[in-house]
2 protein chains.
Amino acid sequence: MATVIDGKAVAQTIRSEIADEVRLLSQKYGKVPGLAVVIVGNRKDSESYVKTKRKACADLGINSFDIDLPEEVSEAEVIRHVHELNANPDVHGILVQLPLPKHINEEKVLTEISLAKDVDGFHPLNIGKLAMKGRDPLFLPCTPKACLELLSRSGVSIKGKRAVVVGRSNIVGLPASLLLLKADATVTIVHSQTSQSDTESIIREADIVIAAAGQAKMIKGSWIKPGAAVIDVGTNSVDDPTRKSGYRLVGDVDFEEASKVAGWITPVPGGVGPMTVTMLLKNTLEGAKRNIEQNN
Amino acid sequence: MATVIDGKAVAQTIRSEIADEVRLLSQKYGKVPGLAVVIVGNRKDSESYVKTKRKACADLGINSFDIDLPEEVSEAEVIRHVHELNANPDVHGILVQLPLPKHINEEKVLTEISLAKDVDGFHPLNIGKLAMKGRDPLFLPCTPKACLELLSRSGVSIKGKRAVVVGRSNIVGLPASLLLLKADATVTIVHSQTSQSDTESIIREADIVIAAAGQAKMIKGSWIKPGAAVIDVGTNSVDDPTRKSGYRLVGDVDFEEASKVAGWITPVPGGVGPMTVTMLLKNTLEGAKRNIEQNN
């Protein structure tokens with residue numbers, strides 16, 4: 001049976017490490033990290049995410065800045081707020097909650113975030129540096145960073161291992177594969193254009209599987225190489241009449257089956273999920289340290 | 001027996017297409033593309049490359065600008081020249097010949113090249129856009145672009161195919177794998193930290209092999225999947241007492257063996273080599289078209 005990686009527990013450990021560092025910063029410089037979130041409109045999922053994030057910040061001694069803008073706000077107005085946050089010395093990380101309403105060009109808005117405050121790590125310049133040997137991005141994208149952190153804190157070595165990333169999104173699959181490559185894994189990226197039989201046979205050979213396809217239970221237990229480390233980024237809601245809510249969350253991996261074969265596996269929920277916000281807070285801390293230490 | 005892809009012939013075809021477009025630009029706007037090369041010191045290989053490039057420009061009606069600087073030139077002075085070329089409206093592409101002498105920071109110099117004139121496509125922002133779905137770099141790096149051009153002009157389809165890139169350098173392996181991924185191949189990157197047995201078994205499964213490891217004949221014919229397309233970027237000189245020069249060039253692939261199994265294969269020399277300068281000229285043309293059409 002696989003070791004189930006407890007993302008909540010790992011996240012808790014990292015959060016207390018962050019809290020310690022925030023305290024040190026505060027003692028030494030009288031300053032604490034600040035994270036700003038820009039939200040446009042009132043999508044329910046965004047609101048709940050922001051609540052979680054705000055509470056996490058408060059717990060760790062990080063300042064929260066919330067910019068709530070109405071659905072009808074103009075693109076220019078959103079950009080004006082981003083510029084203000086860029087200029088605010090108490091803000092070390094800026095996150096613009098996606099998706100934005102259709103009348104606003106996301107790419108244009110995101111490009112306006114100061115590189116030094118791009119705690120999401122989505123700026124193409126950051127991705128380019130992530131891809132290139134000998135270059136280092138200022139921030140690593142949160143979810144891929146969470147995946148590698150879970151591997152390393154579980155004692156899974158990456159160098160020379162066969163790794164497969166299922167999915168090639170800009171926010172998870174692609175940067176995760178670049179990170180694994182930088183960590184010296186032999187990396188294969190499979191995606192929607194990969195045939196079913198290739199997907200299966202490539203996963204069968206992988207020592208490390210990062211599943212980020214967004215398809216409920218698409219990866220079967222029989223595909224997993226015995227002893228492999230399986231990190232499941234998928235969060236898919238499936239109908240479940242036995243629950244009050246009428247649904248439950250499942251990953252991209254069939255956990256029941258795969259946990260009998262894998263060496264390590266993350267559950268959904270409770271695996272990568274709790275780590276992602278934690279990585280955002282860690283990026284904010286890193287941005288703050290760079291900024292505060294440079295200016296003192 | 002494999003179809004041997006004649007890089008020289010393909011390059012010739014593309015060059016005459018470029019010459020046609022240059023003529024059109026000249027007729028319509030009275031302007032032609034300009035390519036500037038900055039060379040520091042007098043390395044013999046750089047000189048011969050520049051001679052080739054200068055002649056190719058002349059043949060196609062592209063203006064050449066050569067900035068030859070002494071070995072002892074300061075970093076600031078090199079950067080001053082780059083800035084001048086950035087500001088020169090007749091220059092549409094800037095190439096700084098690498099390697100630079102040790103006292104000059106290459107990264108710093110390359111970052112100074114205007115993105116709109118970065119015909120090498122090595123700027124991290126370009127690489128980031130190359131990596132990201134939905135984004136397009138201004139220029140594709142020349143050698144990877146040459147590889148894909150050779151495939152497409154040979155009628156090799158990429159979508160859904162298994163591709164392996166051997167090597168992960170910033171100038172060939174990494175961008176080639178990103179390009180193949182964007183073209184919907186299922187891509188694996190093998191490199192110096194990949195075990196011998198993994199390298200072999202991954203190549204055996206590949207429909208498309210791009211070899212850019214810089215190791216003479218490391219890829220054996222028996223590793224090639226029957227019918228695969230093999231693009232050999234390697235240019236390794238090996239001793240050959242039967243030649244006047246005492247050496248000859250061989251690729252990363254054992255051509256004799258592999259050409260009996262592959263569907264398509266590029267020779268060395270005469271495969272990717274002649275295409276690389278051609279892609280540089282094509283990038284210069286593209287940069288010029290963007291610039292001239294914007295300003296007219």
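**Note on the predicted two-chain model**

1. In this predicted model, B:Lys217 counts as partly exposed because its relative accessibility is 31%, a value that lies between the 20% and 50% limits. B:Lys217 belongs to the loop between β7 (208-211) and β8 (229-232) of chain B, and its phi is near 50°, which is positive although the residue is not glycine. Most residues other than glycine have a negative phi, and the backbone here can be inspected with that in view.

2. A positive phi is also found at A:Asp184, where the value is near 75° in a residue other than glycine. A:Asp184 sits in the loop between α7 (173-182) and β6 of chain A, and it counts as buried because its relative accessibility is 16%, under the 20% limit. The side chain of A:Asp184 takes part in a salt bridge with B:Arg168, in which the closest N and O atoms are 2.7 Å apart.

3. Between chain B and chain A there are 6 salt bridges in the count, together with 15 residue pairs in polar contact, both residues of each pair being at pLDDT 80 or more. On the side of chain B that touches chain A, at least two residues each come from α5 (124-131), α7 (173-182), β6 (186-190) and α8 (196-204), and α5(B) gives the most, with 6 residues. By class, that side of chain B holds 14 nonpolar, 11 polar and 10 charged residues.

4. As to the extent of the interface, 35 residues of chain B are in contact with 36 residues of chain A, and the two chains bury about 3200 Å² between them, of which 56% is on carbon and sulfur atoms. Strand β6 (residues 186-190) of chain A pairs with β6(B) in the antiparallel sense over 3 bridges, and A:Val187 stands opposite B:Ile189 in this arrangement.

5. Two cis peptide bonds in chain A deserve a look. The bond from A:Leu98 to A:Pro99 is cis, with omega near -5°, and A:Pro99 lies in the loop between β4 (93-96) and α4 (106-112). A:Val268 and A:Pro269 are likewise joined by a cis peptide bond, with omega about 0°, and A:Pro269 is placed in the loop between β11 (264-265) and α10.

6. Within helix α10 (residues 273-294) of chain A lies A:Thr284, which counts as buried because its relative accessibility is 0%. The side chain of A:Thr284 reaches the backbone oxygen of A:Leu280 at 2.8 Å. Leaving aside residues up to four places away in sequence, A:Thr284 touches several residues, among them A:Pro33, A:Ile62, A:His92 and A:Val119.

Notes. Residues are numbered from 1 along each chain as its sequence is written. Chains are lettered from A and ligands numbered from 1 in the order in which they are written. This is a predicted model: local features need pLDDT of at least 70, side-chain atom pairs count only at pLDDT 80 or more; totals for chains, interfaces and linings use all residues. Side-chain values use heavy atoms; hydrogens and water are left out. Helices (H or I, at least four residues) and strands (E, at least two) are DSSP runs, numbered from the N terminus. Buried means under 20% relative accessible area, exposed over 50%, partly exposed in between (1.4 Å probe, protein chains only). A polar contact is a pair of N or O atoms within 3.5 Å; within protein, one must be able to donate a hydrogen and the other to accept it, and residues adjacent in sequence count only if both atoms are side-chain atoms. Contact means heavy atoms within 4.5 Å. Buried area is the accessible area (1.4 Å probe) that two parts lose on being put together, summed over both. A salt bridge is a side-chain nitrogen of Lys or Arg within 4 Å of a carboxyl oxygen of Asp or Glu. Ala, Val, Leu, Ile, Met, Phe, Trp, Tyr, Cys and Pro count as nonpolar, Asp, Glu, Lys and Arg as charged, and the others, Gly among them, as polar. Two strands pair if DSSP finds at least two bridges between them.
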